[in-house]
Amino acid sequence: MACMVSRSRMANQLRGKMSFLLGTCMRSSWTSSKATVCSTSAHRHRFPSSFMPMLLFQRFSTAKAGECVSQPCDDPNDQGLDFPGGKVSFSAEMRFLSGSPEERISCYRVLDDYGHIISGSSFQQINKEVALKIYQDMVTLQTMDIIFYEAQRQGRISFYLTSIGEEAINIASAAALTMDDIVLPQYREPGVLLWRGFTLQEFANHNFGNKSDYGKGRQMPIHYGCKRLNYFTISSPISTQLPQAVGVAYSLKMDRKNACAITYFGDGATSEGDFHAALNFAAVLEVPIIFFCRNNGWAISTPTTEQFRSDGAVIKGQAYGIRSIRVDGNDALAVYSAVRAAREMVISECQPVFVEALTYRVGHHSTSDDSTKYRPLDEIEHWRTARDPVSRYRKWIERNGWWNDEVEDNLRSNVKKELLKAIQIAERLEKPAINELFTDVYDEAPSNLHEQEKSLREMIKKHPEDYPSDVPI
């Protein structure tokens with residue numbers, strides 16, 4: 001394109017000069033019956049058609065001075081195209097990019113399946129206090145999932161969703177952040193909230209939807225949120241939090257905060273348009289954000305093999321010009337180290353980072369799902385036992401002399417007692433008042449909401465047997 005533009009410009013300049021010379025110096029000598037008409041913007045000239053080869057020769061010999069179009073270039077790599085984004089080299093070989101790499105992108109790991117540090121591993125050292133808190137919170141999350149799941153099966157709460165098999169992703173990633181960092185989760189990251197100080201009582205209040213629930217009973221269970229802990233309220237629709245997270249990160253950049261945004265999502269979210277829009281926004285706007293993808297192999301009942309043909313999700317980050325890493329999501333030390341390094345990068349360089357954690361969803365997608373209908377039992381059992389992140393990490397802290405069976409038993413017993421007590425309290429608390437259905441959207445409720453509230457109250461009075469008796473009118 002550059003050659004053609006340059007050649008056309010030079011030809012136009014030459015044509016104008018030749019027309020001027022022909023019209024002023026040689027007009028009288030070129031009048032014959034075999035004349036050719038030459039037009040310019042100012043006047044028309046007539047000259048013999050035998051002179052045309054001379055003009056053409058002059059035209060192309062002049063273009064040769066600045067361009068390579070008139071003679072072959074032995075090495076096209078010596079040239080390049082100045083194009084937005086950088087210089088692009090030319091190639092004489094017609095070569096299509098492969099749809100998949102010859103080798104899959106490697107996965108960063110620190111601990112092997114037996115809790116041993118892999119020789120030559122590069123990882124962030126952590127002290128005993130942090131190491132033990134990571135394990136204690138993983139055990140707490142695991143216990144919480146079991147008890148709340150059973151409570152749903154007993155009909156005491158309406159819905160639940162576990163993080164079994166993904167405890168390391170939850171807790172270790174949260175440990176690598178600071179409280180100033182802003183979290184936009186999906187729905188399988190309650191451990192991040194747990195690490196930040198959300199109590200078991202607060203978890204119970206939310207899942208039972210009582211008057212102490214911060215969502216005032218208007219959200220489904222496990223859709224947590226806490227302003228004081230910089231944890232955005234969860235939304236059910238897949239990947240809607242991703243573009244929002246980029247906006248949050250952009251605000252941190254504008255305010256020059258020493259903090260970043262982090263957003264969590266599953267492999268299924270990478271099939272949504274919001275995912276692609278968010279990555280492109282983040283790369284172009286250069287914002288401090290960590291995209292954390294939990295690739296657990298399944299988007300409910302859809303395996304990753306039916307979602308995309310790329311090498312997982314990590315390659316998608318690279319495709320948008322984002323620094324990316326793949327990490328063993330069942331290795332707490334690897335997750336902690338990767339997120340810690342990613343946080344330093346995004347803040348110091350003001351650039352996004354993409355983290356893909358390979359893991360496995362051991363539990364059902366939710367209490368509305370039966371994963372044994374689409375996954376073999378032996379596969380689930382293998383990941384539950386041989387690749388359990390909690391057991392692997394425990395072996396490491398035991399090897400350091402920081403843990404033993406007695407401490408383990410006390411921890412699990414105490415967590416269970418505390419959670420059961422929290423559930424009893426949450427069940428006894430009354431529900432939010434009926435008027436809370438109409439608050440927190442407008443500063444002053446408009447007339448149509450007043451009319452709806454009035455209509456609802458009249459309907460409850462007319463048919464009290466059809467409405468729950470524990471909701472204050």
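This is a predicted model: local features need pLDDT of at least 70, side-chain atom pairs count only at pLDDT 80 or more; totals for chains, interfaces and linings use all residues.

Take the pair D328 and R392. Their closest N and O atoms are 3.1 Å apart, and they form a salt bridge. This pair joins distant parts of the chain: D328 sits in strand β10 (residues 323-328), R392 in helix α12 (residues 389-399), and 64 residues separate them. D328 has a relative accessible area of 4%, so it counts as buried. R392 is also buried, at 1%. The cut-off for buried is under 20%.

E430 pairs with K211, with the closest N and O atoms 3.9 Å apart. This link too spans distant parts of the chain: E430 lies in the loop between α13 (405-428) and α14 (447-462), K211 in the loop between α6 (200-208) and α7 (241-254), 219 residues apart. E430 is partly exposed at 41% relative accessibility. K211 is partly exposed as well, at 48%.

K133 and D137 form a salt bridge at 2.8 Å, N to O. Both belong to helix α3 (residues 128-153), 4 residues apart, or about one turn of the helix. Here K133 is partly exposed, with a relative accessible area of 30%. D137 is buried, at 10%.

Now the wider setting. The count of salt bridges comes to 26. The protein chain holds 14 helices and 11 strands. Of its 473 residues, 42% are buried.

Conventions
Residues are numbered from 1 along each chain as its sequence is written. Side-chain values use heavy atoms; hydrogens and water are left out. Helices (H or I, at least four residues) and strands (E, at least two) are DSSP runs, numbered from the N terminus. Buried means under 20% relative accessible area, exposed over 50%, partly exposed in between (1.4 Å probe, protein chains only). A salt bridge is a side-chain nitrogen of Lys or Arg within 4 Å of a carboxyl oxygen of Asp or Glu.
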